[in-house]
Amino acid sequence: MIRYSQYLMPTTKETPSDAEVVSHRLMLRAGMIRKVASGIYNYLPAGLRVLRKVERIIREEMDRAGAQEVLMPTVVPSELWKESGRWDAYGKELLRFRDRADREFCLGPTHEEVITDLVRREVRSYRQLPLNLYQIQDKFRDEIRPRFGLMRGREFFMKDAYSFDADEEGAAESYRKMYEAYCRIFRRMGLSFRAVEADTGSIGGSSSHEFMVIADSGEDAIVSCEACSYAANTEKAECVPPAGASPVGEKEAGLPRKVATPGKRTIAEVSEFLGIDPSVLIKTLVFESDKGDAAVLVSGRYEVNEAKVKNLLGADWIRLAPEERILELTGAPSGYAGPVGLKLRLLADHSVRTIPAGATGANEKDAHLTDVVPGRDFSPEAYADLRLVTEGDRCPRCGGGLRFSRGIEVGHVFRLGTKYSKALSASYLDAGGKERPVVMGCYGIGVGRTAAAAIEQHNDADGIVWPISIAPFEVSVVPVNLKHEGIAGDFPGVPFATFARSLRIPLRRNLSLRSIRRESGTA
């Protein structure tokens, strides 16, 4: 037992200017964290107690689901990342360095390569499967813009688990167990959350779900159906292709006509100048990727979804082409690209298919084309869902209305398949003696981020209102004179409920002094 007067909990009334969200402000003011560098924090005793309670719940549910705890190194040799192909593909978030022997290493932001290497060395037979291993460990991602305290730091605590199965059926069962374990974890923490479909991103795999704590301050937009259980983040949310044929056909449109549009390069500028609706503008964006260059077409009323483009290309990375590259490929500055006569791979969103006779860039500075008919004047390689969902879109499952809300990602589960096991040759011998790759899953929870998300969801004008399961302290106050307006005369004029509220404690009137001592270990 530690006296409050001896406890390191330096509270403050002042809020640092760089604290942008509620959780960051309140954790600093409550003396739970202190900044060391951008995105890097000291965890003070009270803050660490919260993290340990979050970890305890996670451990109990991981163990209950049959996972086994291990601990992997923070420093990882480059050879493993090069085997998987992610050394160059991961980007600048991977902090790379060399040791005194000039060997390359990185600080692990995630551990798919390390755990797969461990399993390929130790697992030989189908009898050793299924296997699920997890760790709770410090990780580092060199975020370009760390912000929001523990919500998006560079160094952070994370639980990551990895399942290994003999086949897809077994992998689906492991995924189900982890999905249910995550639901139990966040319920036990008293959080209001939603599991939503998500893109697999740099981790890869066939499918994934994000666990989002519902909060207005959330960085991520969530789309959910008002009539069924469909939910997804905006990166993954599917857009229903427009139904029916275009009301205006090829026969009613003349041949493409070049129109001078001096200095008009944005959708708003061009549509106003030409006196047309943005929906009939064909926006052309040029992307670079490890699968080559491509032009992506979408109606001017929508935005291109880069994650969907990346998945359609089967690329490890994509990015918008820089200005000089656009000029080289199209012959014009950005804002004037168009599909007619363009010698590039063309991919079009479904919204382009039904444009009757649209306008688009002429691949010439200060010029656009009108009366451009898809299928006559240009032919995309494929039509696909390549745009971001918007207000007014319908549910892709039942056709119901969609609503938008904000959420904080606290957990993510992936079905990885054989992406890493094939790359790193992690295989086993089946019952017939045939060698097969193990089928993997991956499951992460941000420990500090979960604590911060709890504050974003549970606070009021007086500060943090912790769910009791992860509160740093649980205090029981036993009034010895319930008839008195105050508490035993020590706080005259202060009702018991008000006093308890000021201490941020649950009202537990049914405990005796002996039971309090027993709970605190002082009996």
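How many aromatic pairs does the structure hold? This is a predicted model, and the structure holds 11 aromatic pairs. A pair of aromatic rings is described by the distance of the centres and the angle of the planes.

**A pair between two strands**
- Among the aromatic pairs is the one formed by Tyr-43 and Phe-157, which is tilted, with 5.4 Å from centre to centre and 50° between the planes.
- Because Tyr-43 belongs to strand β2 (residues 40–43) and Phe-157 to strand β8 (residues 155–165), this pair ties together parts that are 114 residues apart in sequence.
- Tyr-43 has a relative accessible area of 23% and is therefore partly exposed, whereas Phe-157, at 19% relative accessibility, counts as buried because the cut-off for buried is under 20%.

**A second pair and a cluster of rings**
- The ring centres of Phe-186 and Phe-193 are 5.8 Å apart and their planes stand at 55°, so this pair is also tilted.
- Both residues of this pair, Phe-186 and Phe-193, are buried.
- Phe-186 and Phe-193 also belong to a cluster, in which ring pairs link them with Tyr-179, Tyr-182 and Phe-211.

**Charged side chains over rings**
- Arg-96 has its charged end over the ring of Trp-87, at 4.9 Å from the centre of that ring.
- Arg-387 is placed over the face of Tyr-302, and here the distance from the ring centre is 3.7 Å.

Notes. Residues are numbered from 1 along each chain as its sequence is written. This is a predicted model: local features need pLDDT of at least 70, side-chain atom pairs count only at pLDDT 80 or more; totals for chains, interfaces and linings use all residues. Side-chain values use heavy atoms; hydrogens and water are left out. Rings of Phe, Tyr and Trp (its six-membered ring) pair if their centres lie within 6.5 Å; planes under 30 degrees apart count as stacked, over 60 as edge-to-face and the rest as tilted. Helices (H or I, at least four residues) and strands (E, at least two) are DSSP runs, numbered from the N terminus. Buried means under 20% relative accessible area, exposed over 50%, partly exposed in between (1.4 Å probe, protein chains only). A charge sits over a ring if NZ of Lys or CZ of Arg is within 6 Å of the ring centre and within 35 degrees of the ring normal.
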